[in-house]
Amino acid sequence: MTKSTTERRGIKPHYTLFKKRYSTQDTIVGWAFLLPAVILGLIFIIGPMVVSLSYSFTDAHLLKLDQATFNNFKNFIRAFKDETLWEAFKNTMYFVICVVPLQLGVAYGLALILNSKIKCNTFFRWAFFVPVMLSLAVTSTLWMNLLNEQDGLINALLENLGFNRQKFLSDPKQAMPIIIFISAWQGAGYQMLIFLSALKNIPKEVYEASDVDGANKWQKLIYVTCPMIKSTFSFILVTTLIGAFRLITQPMIMTGGGPLNKTMTMSYYIYQNGIKFWDVGYSSAIALLYTIFMAVIALTLNKVTGKENT
């Protein structure tokens, strides 16, 4: 085996120059700092996952967990035959497909606007981020009152403008699009700040070089800005996608999964079966299937975006 250039010159490779041997005392101190996080992770993450996995193969009832008996794969067979479950899955996919590009598009557009030199930049940045600071329960209740069919403010405005009152959350065709709009409105501010931070870190020299080459604003956006923040976009895409798959608060508060199960989502259906109907075994089985599905989607997307960023 041939020696590297650094070895032939008598220079140690960089990985040996900075290699440090830690004493036993340093190792103990390091583990002492790490131990609380490990314990909390075992109690609140790993532990519940293991318990849920074990319950998914039983007929466990919330009030009779000690009497749970093993029922093989009956819960999983029941899940694949459950029409409400498939409706919830379809609604969740519809929400994800619509809200992710909408939210990312709004966030990126707002970041581009705030990255330019406009008046009252700080005020607009604060105004766009305010919805993120509010609780999902608070904003859901607020919008539910605004969209009330009988005495909601929005219906009152429509009536004064000569339009008919709308059912909004009571209409199977309007309920989910409204939830998509509200979710994108509230979440876009967070992604906007991350995009804005990435835009601020792009070297000015890159834009100056593009000016020398005669690039216009559109060409700068496509061939300079977008490639420079590709890794940031990949991170935001994965996190937003996972958050969208976990939708539960808005339909729980605003519609209760209705009307006609048109806003029933997977997370809410899992919650209903486990907490409302006390069917812990079936709820755990659905949760296991959904977790596997989400993990496959997240890992695939992460692998694809990771190859694009290399």
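The legends below describe close-up views of a predicted model.

**Figure 1. Confidence along the chain of the predicted model.** The protein chain has a mean pLDDT of 87, and 92% of its residues reach 70 or more. Over residues 4-9 the pLDDT falls below 50, and this stretch has three contacts in the model beyond near neighbours in sequence. Residues 11-18 also have pLDDT below 50, with three contacts beyond near neighbours in sequence.

**Figure 2. The largest nonpolar core, with Phe95 and Val100.** This core holds 41 residues, of which Phe95 and Val100 touch the most other members. Helix 5 (83-115), helix 9, helix 12 (230-245), helix 14 and helix 15 each give two or more residues to the core. Helix 5 supplies the largest share, twelve residues. Leaving aside residues up to four places away in sequence, valine 100 touches Phe95, Leu237, Thr240, Leu241 and Ala244. Nonpolar side chains tend to be buried together in soluble globular proteins.

**Figure 3. A second, separate nonpolar core.** Seven residues make up this core, among them Leu147, Phe168, Ile182 and Met254.

**Figure 4. Helix 7 (residues 136-146) and its buried residues.** Thr139, Ser140 and Trp143 are buried in this helix. They lie on the same side of helix 7, because the arc they cover around the axis is only 100°. The cover over the buried residues of helix 7 includes helix 8 (153-160), helix 9 (175-200) and helix 13 (249-254). At the start of helix 7, the backbone nitrogen of alanine 137 has a side-chain oxygen of serine 135 within 3.2 Å.

**Figure 5. The salt bridge between arginine 78 and aspartate 279.** The closest N and O atoms of this pair are 2.8 Å apart. The bridge links distant parts of the chain, with the two residues 201 residues apart. Arginine 78 belongs to helix 4 (residues 74-81), whereas aspartate 279 sits in the loop between helix 14 (266-276) and helix 15 (280-309). Arginine 78 has a relative accessibility of 40% and therefore counts as partly exposed. A search of the whole structure gives five salt bridges.

**Figure 6. The salt bridge between arginine 165 and glutamate 159.** The N to O distance between the two side chains is 3.1 Å. Arginine 165 is partly exposed, its relative accessible area being 35%. Glutamate 159 is also partly exposed, at 44%.

**Figure 7. The salt bridge between lysine 220 and aspartate 211.** The side chains of this pair meet at 2.3 Å, N to O. Lysine 220 counts as buried because its relative accessibility is 17%, under the 20% cut-off. Aspartate 211 is partly exposed, with a relative accessible area of 42%.

**Figure 8. Lysine 303 in helix 15.** With a relative accessible area of 56%, lysine 303 is exposed. Lysine 303 and leucine 65 are separated by 238 residues in sequence, and their C-alpha atoms are 40 Å apart in space.

Technical notes. Residues numbered from 1 in each chain as written. Predicted model: local features only at pLDDT ≥ 70, side-chain atom pairs only at ≥ 80, totals over all residues. Heavy atoms only, no water. Buried < 20%, exposed > 50% of the residue type's maximum accessible area, 1.4 Å probe, protein only. Helix = DSSP H or I, 4+ residues; strand = E, 2+ residues; numbered from the N terminus. Arc of directions from axis to C-beta. Contact = heavy atoms within 4.5 Å. Polar contact = N/O pair within 3.5 Å; in protein donor to acceptor, adjacent residues only side chain to side chain. Salt bridge = Lys/Arg side-chain N within 4 Å of Asp/Glu carboxyl O. pLDDT = per-residue confidence, 0-100. Core = buried A, V, L, I, M, F, W, Y, C linked by side-chain atoms within 4.5 Å.
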